[in-house]
Amino acid sequence: YVLAVGSSVFHAMFYGELAEDKEEIRIPDVEPPSFLAMLKYIYCDEIDLCADTVLATLYAAKKYIVPHLARACVNFLETSLSAKNACVLLSQSCLFEEPDLTQRCWEVIDAQAELALRSEGFCDIDAQTLESILQRETLNAKEMVVFEAALNWAEAECQRRDLVPTIENKRLVLGKAIYLIRIPTMALEDFANGAAQSGVLTLNETNDIFLWYTASKKPDLLFCTKPRKGLSPQRCHRFQSCAYRSNQWRYRGRCDSIQFAVDKRVFIAGFGLYGSSCGSAEYSAKIELKRQGVPMAQRIIKYFSDGSSSTFLVWFDYPVQIEPDTFYTASVVLDGNELSYFGQEGMTEVQCGKVTFQFQCSSDSTNGTGVQGGQIPELIFYA
């Protein structure tokens, strides 16, 4: 009776025209932990989800038409979404017809494409999802990484089909998907040292692509020759003006730092930094991003300042996923010409498109940077 009240499918099973009259009803296609999670919800109004069983619970909630539990499963998946599981969740969200989750997956895959393509989960996706990713125009990835990921997927697919993972079989399981990799857009060196020697391409294809790079009369190719657009980075500028000379900004190994939070998930790709105010100079910067004191990304990088008041972009190795309504710490330790520009008239809140950034002072800042003024004038992000 309780199950029939909670689900129209159970109602049909127990009380409908085709009701089961057996004492024991077998449910072969749902795992026991996931079925138990659904029972807990129907009987106790208790939502008990975990990462290992949430997809199977979503399947059960969809099958038995328990919409509130299904929505809770999707919310759980959205909050646990990362580059590691985005490709698997993309294929599942399409299967379960969850467009909002599909859109979130694409946001992560586009912005953190190289991490997503190198994840173990990428090798577990179905062929249709593979094709949809390979033909994606907005992937932020080098084409060599796309090519290597496709080969890794092909090796896993060979094992799923009980084929020996030879070069010929990898090409066989990739099928027409290989032409979705934009091999002619690779750097010539990447092509020559990687794809051309992989054995996956035929001799004719390899020869034609080399001619495409070098000949004035280029052959027709089955591969797309136009580079992917990728994503356009956005800039959050937190100062209304900058100054120089009136004060000398000394670095001496001290940290310039600021805390920020956003109201929507974004991906921080790097910072815009000031440079010298008295002619061109080279700077060394250690940039870092932390969440509650735990480092999420850091990089030591050099950049050249031309003496203008422009900001100069420095990038992390990979964009970092930033969750909404949580404060993160952006830090930089600079070494270079000490007579430099610095920001003034800082804002505590900045609207960038559909994303709102909030800033507050950081206890890590030991060199004078705060909300009102200092360094780290820009956050570079994808949204």
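1. Start with Phe316: at 5% relative accessibility, this residue counts as buried, since the cut-off for buried is under 20%. Keep in mind that the model is a predicted one.

2. The partner to look at is Phe271. Phe271 and Phe316 make an edge-to-face aromatic pair, with 5.4 Å from centre to centre and 85° between the planes. Phe271 sits in strand β4 (residues 266–273) and Phe316 in strand β7 (residues 312–322), so this pair ties together parts that are 45 residues apart in sequence. Phe271 comes out at 0% relative accessibility and so counts as buried.

3. Zooming out, how many aromatic pairs turn up in a search of the whole structure? The search finds 14. One to check is Phe10 with Phe35: the ring centres are 6.3 Å apart and the planes are at 80°, so this pair is edge-to-face. Phe10 belongs to helix α2 (residues 8–15) and Phe35 to helix α3 (residues 32–44); the pair links distant parts of the chain, 25 residues apart.

4. Are Phe10 and Phe35 buried or exposed? Phe10 has 2% relative accessibility, so it counts as buried. Phe35, at 18%, also counts as buried, because the limit is under 20%.

5. There's an aromatic cluster worth a look too: Phe260, Tyr328, Phe357, Phe359 and Phe381 form one together.

6. Last, charges over rings. Arg136 has its charged end over the ring of Trp106, 4.1 Å from the ring's centre. Over the face of Trp212 you'll find Lys218, at 5.4 Å from the ring centre.

Terms used:
Residues numbered from 1 in each chain as written. Predicted model: local features only at pLDDT ≥ 70, side-chain atom pairs only at ≥ 80, totals over all residues. Heavy atoms only, no water. Phe/Tyr/Trp six-rings, centres within 6.5 Å; stacked < 30°, edge-to-face > 60°. Helix = DSSP H or I, 4+ residues; strand = E, 2+ residues; numbered from the N terminus. Buried < 20%, exposed > 50% of the residue type's maximum accessible area, 1.4 Å probe, protein only. Lys NZ or Arg CZ within 6 Å of the ring centre and 35° of its normal.
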